[in-house]
Amino acid sequence: MSGSVALHVPDLVGIFVFGITGALVGVRKKLDVFGILVLALVTGLGGGFIRDVLIGETPPAALQDGRYLVVPVFAGLITFFLHPGIGRVERLVNIFDAAGLALFCVTGAQKAIEHGLSPLSAALLGTISGIGGGVIRDLLSGRVPVVLRSEIYATPAFLGAGIVVAAALEYDATWVPIVAAVTCFGIRLLAIRRGWNAPLPRNP
């Protein structure tokens, strides 16, 4: 495993959280255990795969360290056996998805900074890291990806990644990624709760 422990722990936590969202979507779609595990894997690892390929770190971390594969499978199995009633699944998907988005936008931006990307590129890569797994999950499950709907989704990820990048120019403190993740998570949950949407084109 390359990089610092401080980066990989939240990375693995993000994979676990996103793995739960993928598995919950599979539960709601009434998939079998294999389908649920596939969604857990692609949701947990998709953003990280895209991130590592774009920064030229190949093979991706998930193929170098077995823990990156075990974590989403474990998340999928937990969800398969212990998921609550279907009526509460959507709410849980949204909460865990917001948490995964927050963790991945932060770790993606941090990894981009470590590889010497410019501030804007690092913020964009953090955003892509956050939304990538969810896009793949939604496409495989037959849903329009959340990021392509009118919901506020990519904006909180870009803001969280931007905080990490901006702070990295002046600070090197552990509180920075925490603040960034909490900001992304909080805005995403507020957007869901209050129905905040991006502007839509006017009807002709």
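## Salt bridges

The count of salt bridges comes to seven, a salt bridge being a side-chain nitrogen of Lys or Arg within 4 Å of a carboxyl oxygen of Asp or Glu. The structure is a predicted model, in which local features need pLDDT of at least 70, side-chain atom pairs count only at pLDDT 80 or more, and totals for chains, interfaces and linings use all residues. Residues are numbered from 1 along each chain as its sequence is written, and side-chain values use heavy atoms, with hydrogens and water left out.

One of the salt bridges joins lysine 111 to aspartate 52, with 3.0 Å between the closest N and O atoms. This pair links distant parts of the chain, since lysine 111 is in helix α5 and aspartate 52 in helix α2, 59 residues apart. Helices here are DSSP runs (H or I, at least four residues), numbered from the N terminus. Lysine 111 and aspartate 52 are both buried. Buried means under 20% relative accessible area, exposed means over 50%, and partly exposed lies in between (1.4 Å probe, protein chains only). Lysine 111 and aspartate 52 also belong to a network of salt bridges with Arg51 and Glu57.

## Two further pairs

Arginine 137 and aspartate 97 meet through their side chains in a salt bridge of 3.0 Å, N to O. Arginine 137 lies in helix α6 and aspartate 97 in helix α5, so the pair ties together parts that are 40 residues apart in sequence. Both arginine 137 and aspartate 97 are buried.

Another salt bridge is formed by the side chains of arginine 67 and aspartate 65, at 2.9 Å from N to O. Arginine 67 counts as partly exposed because its relative accessibility is 47%. Aspartate 65 has 10% relative accessibility and therefore counts as buried.

## The nonpolar core

In soluble globular proteins, nonpolar side chains tend to be buried together. A nonpolar core is a set of buried Ala, Val, Leu, Ile, Met, Phe, Trp, Tyr and Cys residues joined through side-chain atoms within 4.5 Å. The largest such core in this model has 29 residues, and those with the most contacts inside it are Ile15, Tyr68, Leu101, Cys105, Val106 and Tyr153. Among the elements that give two or more residues to this core are α1 (5-28), α4 (67-82), α6 (119-140) and α8 (175-194). Helix α5 gives the most, with seven residues.

Glycine 160 is found in helix α7. It counts as buried because its relative accessibility is 0%. Glycine 160 and leucine 103 are 57 residues apart in sequence, but their C-alpha atoms are 9.1 Å apart in space.

## Surface patches

Patches are made of residues with over 30% relative accessible area and no salt bridge; like charges are joined within 9 Å, and nonpolar side chains (Val, Leu, Ile, Met, Phe, Trp, Tyr) within 5 Å. Accessible areas come from the Shrake-Rupley method with a 1.4 Å probe, and for residues only the protein chains shown count as cover. A nonpolar patch consists of Val33, Phe34, Leu77, Phe80, Phe81 and Leu82, which together have about 610 Å² of accessible area. The elements giving two or more residues to the nonpolar patch are α2 (33-54) and α4, and α4 has the largest share, four residues. Phenylalanine 81 lies in helix α4 and is exposed because its relative accessible area is 62%.

Arg88, Arg91, Arg193 and Arg194 form a positive surface patch. For charges, Lys and Arg count as positive and Asp and Glu as negative, while His and the chain ends are not counted. The place of a charge is taken as NZ of Lys, CZ of Arg, CG of Asp or CD of Glu. Arginine 91 lies in helix α5 (residues 89-114) and has a relative accessible area of 63%, so it is exposed.
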